[in-house]
Every structure is written in C-alpha cells, then in structure tokens.
Amino acid sequence: MALKFLGIYPNTPNDGSPTIWLDDDSGDLIIQSWKADDATLRQCQEVGSIPGHSTDVPDHETVIRLPANMRQFIPQPDSEVNSGNGGT
C-alpha cells in the first residue's frame, strides 16, 4: 500500500486533526476524522440507505464526520469534474 497525503484540516491547531490520504494501489481514501456522535448515528439509521439493507454499523466499520472544508481534498474522477457532477 502506497499512501499519498492529500490534506489536513486547514489551520490545524493540534495533532488530532482530520487528515486524508489516497491509497495509490487501490484508489481507496484513508480518512482520519472525528467519530460521529450518537445523535448522528441514530439519524443515519433513521434515514437508512437502500430498502432491506441493515442500518446497523458492523464492529469492523465506523461512521466518521468529515468537516465540510475537508471536501476540497477528495479527488474527483475527470468524468465527474468535467460533467458538472462534482458531488454537490
């Protein structure tokens, strides 16, 4: 796994700030950020995703809250950037 640093929370005041990396081998994003609080987890479960899919978060997964100003570091495939589908 070859990680490439993409960005850190702007004007970070300490060592525990959200950070994002790209795994050059798989294309996966590796994200360090704040754990979602219980209220956010409940909202995720209420909204759900697709019909019939469990809303439980398995032990090997977690839900994180990525600050909005970190979205600038998420790479976009050329087709999405050029088509106007930039995720907003």
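Trainee: What does the secondary structure of the chain come to?

Mentor: In this predicted model, the chain has two helices and five strands. Along the sequence they follow the pattern β-β-β-β-α-β-α.

Trainee: Why is Thr 19 called buried?

Mentor: Buried means under 20% relative accessible area. Thr 19 has 7% relative accessibility, so Thr 19 counts as buried. This residue lies in strand S2.

Trainee: Which residues does Thr 19 touch, leaving out those up to four places away in sequence?

Mentor: Thr 19 touches Phe 5, Gly 7, Ile 8, Ile 30, Ile 31, Gln 32 and Met 70.

Trainee: How much of the chain counts as buried?

Mentor: The chain has 88 residues, and 14% of them count as buried.

Trainee: And Met 1, what makes it exposed?

Mentor: Exposed means over 50% relative accessible area. Met 1 is at 71%, so Met 1 counts as exposed. You will find Met 1 in the segment before strand S1 (3-8). Together with Leu 3 and Ile 30, Met 1 makes a nonpolar surface patch of about 300 Å².

Trainee: Why is the pair of Tyr 9 and Trp 34 called edge-to-face?

Mentor: Let's take the two tests in turn. Ring centres must lie within 6.5 Å for a pair, and planes over 60 degrees apart count as edge-to-face. The centres of the Tyr 9 and Trp 34 rings are 5.6 Å apart and their planes are at 70 degrees, so the pair is edge-to-face. By this rule, the count comes to one aromatic pair.

Trainee: Where do the two partners sit in the chain?

Mentor: Tyr 9 is in the loop between S1 and strand S2 (19-23), while Trp 34 is in strand S4 (residues 34-35). They are 25 residues apart, and the pair links distant parts of the chain.

Trainee: How do you know that Tyr 9 and Trp 34 count as partly exposed?

Mentor: Partly exposed is the range between the buried limit of 20% and the exposed limit of 50%. Tyr 9 has 24% relative accessibility, so Tyr 9 counts as partly exposed. Trp 34 has 41%, so Trp 34 counts as partly exposed too.

Trainee: What share of contacts between residues at least 6 apart in sequence joins residues at least 24 apart?

Mentor: For this chain, that share is 40%.

Key:
Residues numbered from 1 in each chain as written. Predicted model: local features only at pLDDT ≥ 70, side-chain atom pairs only at ≥ 80, totals over all residues. Heavy atoms only, no water. Patch = residues over 30% accessible without salt bridge, like charges linked within 9 Å, V, L, I, M, F, W, Y side chains within 5 Å. Areas by Shrake-Rupley, 256 points an atom, 1.4 Å probe, with all protein chains shown as cover. Salt bridge = Lys/Arg side-chain N within 4 Å of Asp/Glu carboxyl O. Helix = DSSP H or I, 4+ residues; strand = E, 2+ residues; numbered from the N terminus. Buried < 20%, exposed > 50% of the residue type's maximum accessible area, 1.4 Å probe, protein only. Phe/Tyr/Trp six-rings, centres within 6.5 Å; stacked < 30°, edge-to-face > 60°. Contact = heavy atoms within 4.5 Å.
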